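Thanks for coming, everyone. I have one structure today and a few minutes to walk through it. Let me put it on the screen.

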Amino acid sequence: MKLAMCPKCHYAARPIQVGDEGGRRPYWVIQCSYCYYVAADYDEARVDCRDAIELWNRKVNKENEI
């Protein structure tokens with residue numbers, strides 16, 4: 001699945017893992033590799049990386065429409 005470019009700086013984004021407070025379960029968010037922008041709130045982190053990509057693309061495309 002292809003990641004949309006960052007709406008802030010137009011660089012490539014990448015998936016990163018973030019953990020819960022206990023650190024036992026990894027979650028995924030997408031972050032710009034240049035400016036570190038994250039479109040999703042951290043409470044929107046996803047267990048599946050593909051779900052995180054879908055969330056990023058949906059939010060970024062919505063921001064680009066404005």
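This is a predicted model: local features need pLDDT of at least 70, side-chain atom pairs count only at pLDDT 80 or more; totals for chains, interfaces and linings use all residues.

The fold. The protein chain holds one helix and two strands. Reading from the N terminus, the order is β-β-α.

Now dimensions. The C-alpha atoms fill a box of roughly 35 × 20 × 20 Å along the principal axes. What about the radius of gyration? For the protein chain it is 12 Å. A compact globule of 66 residues would come out near 11 Å, so the two agree.

Surface next. The accessible surface is about 4700 Å². Carbon and sulfur atoms account for 47% of that. Of the 66 residues, 33% are buried.

Contacts. Take those between residues at least 6 apart in sequence. Of these, 35% join residues at least 24 apart.

Charges. There are 10 positive and 10 negative side chains. The centres of the two sets lie 4 Å apart.

On to the interior. In soluble globular proteins, nonpolar side chains tend to be buried together. Which residues form the largest nonpolar core here? There are 12 of them: Leu3, Ala4, Cys6, Ala13, Ile30, Cys32, Tyr37, Ala39, Ala52, Ile53, Trp56 and Val60. Two elements give two or more residues to this core: strand S2, 26–32, and helix H1, 49–65. H1 gives the most, with four residues.

Look at Ala13, a member of that core. Set aside residues up to four places away in sequence. Ala13 then touches Leu3, Ala4, Ile30, Gln31, Cys32, Ser33 and Trp56.

Last stop: Met1. Where is it found? Met1 sits in the segment before strand S1, which spans 13–19. Is Met1 buried or exposed? Its relative accessibility is 62%, so Met1 counts as exposed. Met1 still has contacts, though. Leaving aside neighbours within four places in sequence, Met1 is in contact with Arg50, Ile53 and Glu54. Ile53 also belongs to the largest nonpolar core.

One distance to finish. Met1 and Trp28 are 27 residues apart in sequence. In space, they are 15 Å apart, C-alpha to C-alpha.

That's the tour. I'm happy to take comments.

How values were computed:
Residues are numbered from 1 along each chain as its sequence is written. Side-chain values use heavy atoms; hydrogens and water are left out. The radius of gyration is taken over C-alpha atoms; the globule rule is 2.2 Å times the number of residues to the power 0.38. Buried means under 20% relative accessible area, exposed over 50%, partly exposed in between (1.4 Å probe, protein chains only). Contact means heavy atoms within 4.5 Å. Accessible areas come from the Shrake-Rupley method with a 1.4 Å probe; for residues, only the protein chains shown count as cover. Lys and Arg count as positive and Asp and Glu as negative; His and the chain ends are not counted. The place of a charge is taken as NZ of Lys, CZ of Arg, CG of Asp or CD of Glu. A nonpolar core is a set of buried Ala, Val, Leu, Ile, Met, Phe, Trp, Tyr and Cys residues joined through side-chain atoms within 4.5 Å.
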